[in-house]
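Dear colleague,

Please find below the structure that I am handing over to you.

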Amino acid sequence: MTDYPYIAPCSYFLIYVYEIPGSVDHAGLLKVGDTSFRSSKKPSALTVNCAELKAAAKKRIDEQTGTAGIKYILHHAELAVRMTQDGDVKMIMPFRDHDVHDVLEKSGYKHVKISGTKGREWYRTDIETIKRAIAVVKEGRL
């Protein structure tokens, strides 16, 4: 019998960005959210917009929109981790959507409150601006 190493799944966060086209209330807005998921893959194997990240993002977005039959476009799914070093030890540190929101807010992009909701995750900006905000968090330039 051959012994195979057991690879325990890790829990990760991912940042996703989507829009709801055709919605008057959401016109020109992008939602920046996060969700957790489990994977046995290393962070380096979970590349931006890979199938596994997109599936996890869609699962979460479907929880938010599914019962209302809302159609959405997923623009971006990215692992929410940054590499840090403490002396000789390299560490993977997670971050959350509110860290990205903070960068957007400090850059002058205020969240848009949609009538009748409590959400603070909608922004009137473009996907490239949000990707740059994610990069700022990943690089630890808060």
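Predicted model: local features only at pLDDT ≥ 70, side-chain atom pairs only at ≥ 80, totals over all residues.

I begin with Ala 51, which counts as exposed because its relative accessibility is 65%, above the 50% cut-off for that class. This residue is found in helix α1.

Overall composition

The protein has three helices and six strands. In sequence order these follow the pattern β-β-α-β-β-β-α-β-α. The C-alpha trace spans about 60 × 40 × 25 Å along its principal axes. Of the 142 residues in the protein, 36% are buried.

Four strands make up an open sheet, in the order β3-β1-β2-β6, with antiparallel pairing. Its edge strands are β3 (73-79) and β6 (122-123), each of which pairs on one side only.

Strand β1 (residues 10-19) is joined to strand β2 (residues 30-39) by nine bridges, and the two run antiparallel. The pairing of β1 with β3 is likewise antiparallel and extends over six bridges. Val 17 illustrates both pairings: opposite it in β2 stands Val 32, while its bridge partner in β3 is His 76. Although β3 is an edge strand, it is largely enclosed by the rest of the structure, because five of its seven residues are buried.

Within β2 lies Thr 35. Is this residue buried or exposed? Thr 35 counts as buried, because its relative accessibility is 12% and the cut-off for burial is under 20%. Leaving aside residues up to four places away in sequence, Thr 35 touches Tyr 12, Phe 13, Leu 14, Tyr 16, Ala 56 and Arg 60.

The helices

Helix α1 (residues 51-65) lies across β1, β2 and β3, and runs at about 65 degrees to β1. Helix α2 (residues 97-106) lies across β1, β2 and β6, at about 155 degrees to β2.

Which residues of α2 are buried? They are Asp 97, Asp 99, Val 100, His 101, Val 103 and Leu 104. These buried residues pack against β1, β2 and β6, and also against α3 (127-138). After α2 comes Gly 108, which has a positive phi near 95 degrees.

The largest pocket

The largest pocket has a volume of about 230 Å³. It is lined by 13 residues, of which His 26, Lys 31, Ile 114, Thr 117 and Trp 122 are the closest to its centre. By residue class, the lining of this pocket divides into five nonpolar, five polar and three charged residues.

With kind regards

Note on methods
Residues numbered from 1 in each chain as written. Heavy atoms only, no water. 1 Å grid on protein atoms, 1.4 Å probe; cavity = no way out; pocket = protein on both sides within 12 Å on 5 of 7 lines; lining within 4 Å. Points joined across faces, edges and corners; volume = space filled by probe spheres on them. Nonpolar A, V, L, I, M, F, W, Y, C, P; charged D, E, K, R; others polar. Pairing = 2+ DSSP bridges. Contact = heavy atoms within 4.5 Å. Axes fitted to C-alpha atoms, helices over the stretch in contact; angles between N-to-C directions. Buried < 20%, exposed > 50% of the residue type's maximum accessible area, 1.4 Å probe, protein only.
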